[in-house]
Amino acid sequence: MGSRGSRGRGSDWEWDWATGREYRPGLPQLFTSVPTLSEAASYLAESTSIFTRCLPVRSLSEDDDDQEMLSFISEEARHITSGRNSSSSGRFSSVQSVETTLDAPEVHGRIATVSTAESSQNHNTLVLSNTINTSGSSIFQGLIEKVRKTVRGSADDIGWLQRDPDMPPVEDGTERFTEILDDIRHGLHGLPNHLIYLLVPGLFSNHGPLYFVNTKTSFSKLGLTCHIAKIHSEASVEKNAREIKEYIEELHWGSKKKVLILGHSKGGVDTAAALSMYWDELKDKVAGLALAQSPYGGSPIASDILREGQIGDYVNIRKLMEILICKVIKGDLQALEDLTYEKRKDFLKKYKLPEELPIVSFHTEASISPAVLATLSRVAHAELPTFGEQPATLPVMIPLGAAMAACAQLLQMRYGEKSDGLVTRRDADVPGSVVVRPKRKLDHAWMVYSSLSDDPSEASASQVCQALLTLLVEVGHKKELDSEKLNV
């Protein structure tokens with residue numbers, strides 16, 4: 001046989017080009033000519049084989065290229081190992097010859113021992129390879145799942161109420177709301193005085209003394225009995241539901257009048273929970289419920305902060321919110337957790353709003369124009385030292401409009417969803433309600449805090465609240481007529 005390659009002096013061997021099993025030009029030939037590099041190449045080939053088995057590779061039958069690549073790795077490792085054994089045999093052939101001549105049984109026993117040890121080592125290597133394969137695949141799949149969750153965020157949850165076939169449909173009441181609002185701006189007021197009006201504030205309202213104050217004042221000027229619920233807004237939904245239930249019972253007991261309720265943001269969620277959980281005790285005391293900008297289906301902001309694998313894992317927002325709510329304002333982090341999609345889905349499976357309850361839901365879209373950066377909202381006022389008979393006050397202004405615009409733009413860019421800055425429009429559609437969807441750009445804070453830049457030619461927040469409750473009264477009358485017709 002002709003020699004086509006050599007691996008050292010006096011050790012020529014033939015290379016079979018048809019099978020490609022012995023000789024390979026380039027770097028592998030260099031490795032096989034030096035014993036130390038040969039051993040390193042063997043370990044590299046073994047490590048590469050283990051690593052490739054950790055990845056989700058397709059089966060060999062699916063692609064011939066995969067078969068060739070794995071065959072190359074296997075044959076390369078076999079070639080290197082064979083070369084290393086051949087080199088070792090050449091260097092120590094004389095010693096082995098002497099040992100064989102003098103004591104053949106001893107050598108036979110040694111060979112048997114080495115064979116057994118190699119077999120055991122191969123078995124252990126196979127077991128280790130399988131273990132690494134399983135654990136490596138699990139780690140890789142876990143990493144892929146975490147990345148998927150991070151990228152998707154709340155995309156699969158937004159608007160889930162509208163996709164749920166078990167939820168009742170909504171009715172569009174925007175046109176009628178616009179008519180009522182126009183009448184109110186022209187001095188025509190339709191709210192009856194035989195009801196008590198209860199305004200339920202949302203999250204962090206305890207730290208905004210002017211929350212709903214303007215609306216209550218305007219209602220009082222109309223001769224209407226209006227109250228702002230004094231609840232711990234940073235408490236859980238179920239805890240506030242019990243407090244609102246007790247508040248309604250107290251108002252009804254003292255006046256014998258039904259209560260018409262408007263809840264803003266989390267206040268609407270808390271009130272809806274109270275009516276869902278305690279309807280048997282409240283059905284004769286409540287005339288209806290209006291939810292303004294309430295995350296009835298959940299909030300992507302709350303979910304993205306608290307859900308694992310989201311932004312809260314990377315910039316410590318979750319920890320900051322925990323410190324803010326629990327340590328600074330002495331609240332309960334559960335208040336924010338109750339607004340996540342997971343919590344809302346679990347709650348609404350257990351408790352649903354009664355069908356006979358008149359409901360109006362209202363949601364808006366925040367403006368993201370540069371003009372809102374200069375918008376300041378008055379959230380409180382500070383009293384100054386008195387130098388005369390009248391005490392002087394200084395308004396406390398916060399750029400809430402800019403913050404809402406930034407959040408609205410974030411939700412628009414990431415999810416393509418319109419929102420008021422905190423609540424998407426689709427999540428504020430309450431099933432079974434009459435929905436009001438105004439075209440006017442209003443952010444989440446506008447409903448409860450006045451702004452220096454409010455346009456006097458547009459309706460005020462107090463007038464919007466009055467129009468919502470007037471529409472709610474009409475919805476209640478319609479439900480009563482429908483019920484009477486069914487009973488007849």
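**View 1. Four helices are among the elements that cover the buried residues of helix H15.** In this predicted model, the cover over the buried residues of H15 includes helix H6 (160-163), helix H9 (237-255), helix H10 (266-277) and helix H12 (300-306). The residues being covered are Tyr341, Arg344, Phe347 and Leu348, in a helix that runs over residues 341-350. They sit on the same side of H15 because they cover an arc of only 130° around the axis. As a reminder, an α-helix has 3.6 residues a turn, so residues three or four places apart point the same way. Turn to the other side of H15 and you find Asp346, Lys349 and Lys350, which are exposed.

**View 2. Lysine 245 is a buried lysine in helix H9.** Helix H9 is one of the elements covering the buried residues of H15, and lysine 245 lies in H9. Is this lysine buried or exposed? Its relative accessibility is 12%, so lysine 245 counts as buried; the cut-off is under 20%. Setting aside neighbours within four places in sequence, the contacts of lysine 245 are Ala274, Tyr278, Glu281 and Leu282.

**View 3. Seven strands line up in an open, parallel sheet.** Reading across, the order is S3-S11-S8-S7-S6-S4-S5, and the pairing is parallel. Strand S3 (171-172) and strand S5 (225-228) are the edge strands, each pairing on one side only. Helix H8 (residues 213-221) packs on the sheet, where it touches strand S4 (196-200) and S5; the direction of H8 makes about 165° with that of S5.

**View 4. Strands S6 and S7 pair inside the sheet.** How many bridges join S6 and S7? Strand S6 (residues 259-264) and strand S7 (residues 286-292) share six bridges, in the parallel sense. For a place to start looking, take isoleucine 261: its bridge partner in S7 is leucine 289.

**View 5. Phenylalanine 212 and glutamine 293 have positive phi values without being glycines.** Phenylalanine 212 has a phi near 70° and belongs to the loop between S4 and H8. At 1% relative accessibility, phenylalanine 212 is buried. Glutamine 293 has a phi of about 55°, and its place is the loop between S7 and H12. Buried or exposed, then, for glutamine 293? With 0% relative accessibility, glutamine 293 counts as buried.

**View 6. There are zero disulfides to draw here.** A disulfide is a covalent bond between the sulfur atoms of two cysteines. Cysteine 226 counts as buried at 6% relative accessibility, whereas cysteine 407, at 23%, counts as partly exposed.

**View 7. The whole chain puts the close-ups in context.** The secondary structure comes to 17 helices and 12 strands. Of the 488 residues in the chain, 41% are buried. Among contacts with a separation of 6 or more, 76% come from residues 24 or more positions apart. The chain has an accessible surface of about 27300 Å², and 56% of that belongs to carbon and sulfur atoms.

Definitions and conventions:
Residues numbered from 1 in each chain as written. Predicted model: local features only at pLDDT ≥ 70, side-chain atom pairs only at ≥ 80, totals over all residues. Heavy atoms only, no water. Buried < 20%, exposed > 50% of the residue type's maximum accessible area, 1.4 Å probe, protein only. Helix = DSSP H or I, 4+ residues; strand = E, 2+ residues; numbered from the N terminus. Arc of directions from axis to C-beta. Contact = heavy atoms within 4.5 Å. Pairing = 2+ DSSP bridges. Axes fitted to C-alpha atoms, helices over the stretch in contact; angles between N-to-C directions. Disulfide = S-S within 2.5 Å. Areas by Shrake-Rupley, 256 points an atom, 1.4 Å probe, with all protein chains shown as cover.
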